[in-house]
Amino acid sequence: MTGLFATITMVVSLAMAAWALVHLVLNRPMSRALHSSQLVIAALFIVLAIGGIVQMIGSDQDFARAEFVGYLVLSPVIPIGSWWWTRGDRTRIGSAIIVVVGLVMPVLVARIQQVWSGGG
Amino acid sequence: MAERSTGGARLLVVVYAIFAIAATARSAVQLFTRFDEAPVAYLLSALAAVVYIIATVALSRADRTSRRVATAALVFELSGVLVVGTASLLFPDAFPRATVWSTYGSGYLFIPLALPIIGLWWLRRTSPKA
């Protein structure tokens, strides 16, 4: 859960946030590619969820399992929801939404890792 | 479904939705796995979660009734974060486990305090009467 793939999800999310921030600052209309990148994030988090749950089943470590699964299962909902919410929105607000989502996802990963290692 | 809200509200809705998802998931786990540890704190968290859901849905719709519901939910939230925040500082023993509103939401970067203020300001600024 603290491996390379989790780091990749964080880096890609931050890259998406940075990309959206460029659109926001330059006041460029949101591109299809930027909009679709939210689905890439969603896919990464679905893989993370499957991987995390498999890893959990194979481990006898003591930690808050319900929380762990809850975070993993719900995290893909955020980029999927924002993808749906920003469809057809080419304004700066659309880009701002993607910035927020790109910043929230790494925080979620950090929180998931905290739960995994036994912290509250 | 009512028309989707526009402008800054769309961003506000996303932040609210993330909070609603997080608060609901967290309080569901707390209620089902260790309710007896801190029933008051966990019930408050669940209540806060429900209000976040109501606020998210109301803000996402643009009609008049939704605006009233949103205003009510936001006023409730602001009161909640102020009352619980103050109470958690004055009577820390009553809150053995943190709620989303404890110490004015400091565990969540004070976002629980900022959100209703921003939301109410936005509702006022975009009021059709103004």
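Contact is taken to mean heavy atoms within 4.5 Å. The structure is a predicted model, in which local features need pLDDT of at least 70, side-chain atom pairs count only at pLDDT 80 or more, and totals for chains, interfaces and linings use all residues. Side-chain values use heavy atoms, with hydrogens and water left out.

Helices are DSSP runs (H or I, at least four residues), numbered from the N terminus. Helix H3 of chain A spans residues 65-74, and Glu67(A), Phe68(A), Tyr71(A) and Leu72(A) in this helix are buried (under 20% relative accessible area, 1.4 Å probe, protein chains only). Viewed down the axis of H3(A), the buried residues fall within an arc of 125 degrees, so they line one face of the helix; the arc is that of the directions from the helix axis to the C-beta atoms. The cover over these residues includes helix H2 (32-57) and helix H5 (92-116) of chain A, together with helix H1 (8-34) of chain B.

The axes of H2(A) and H3(A), which are lines fitted to C-alpha atoms over the stretch in contact, come within 8 Å and cross at roughly 160 degrees. This makes H2(A) roughly antiparallel to H3(A) (angles over 145 degrees, on a scale from 0 to 180 degrees between N-to-C directions). Phe45(A), Leu48(A), Ala49(A), Gly52(A), Ile53(A) and Met56(A) of H2(A) meet Arg65(A), Phe68(A), Val69(A), Leu72(A) and Val73(A) of H3(A).

In chain B, Leu12(B) lies in helix H1 and is buried, with a relative accessible area of 9%. Beyond its neighbours within four places in sequence, Leu12(B) is in contact with Leu59(B), Leu115(B), Ile118(B), Gly119(B) and Trp122(B).

Notes:
Residues numbered from 1 in each chain as written. Chains lettered and ligands numbered in written order. Buried < 20%, exposed > 50% of the residue type's maximum accessible area, 1.4 Å probe, protein only. Helix = DSSP H or I, 4+ residues; strand = E, 2+ residues; numbered from the N terminus. Parallel < 35°, antiparallel > 145°, perpendicular 65-115°, else oblique.
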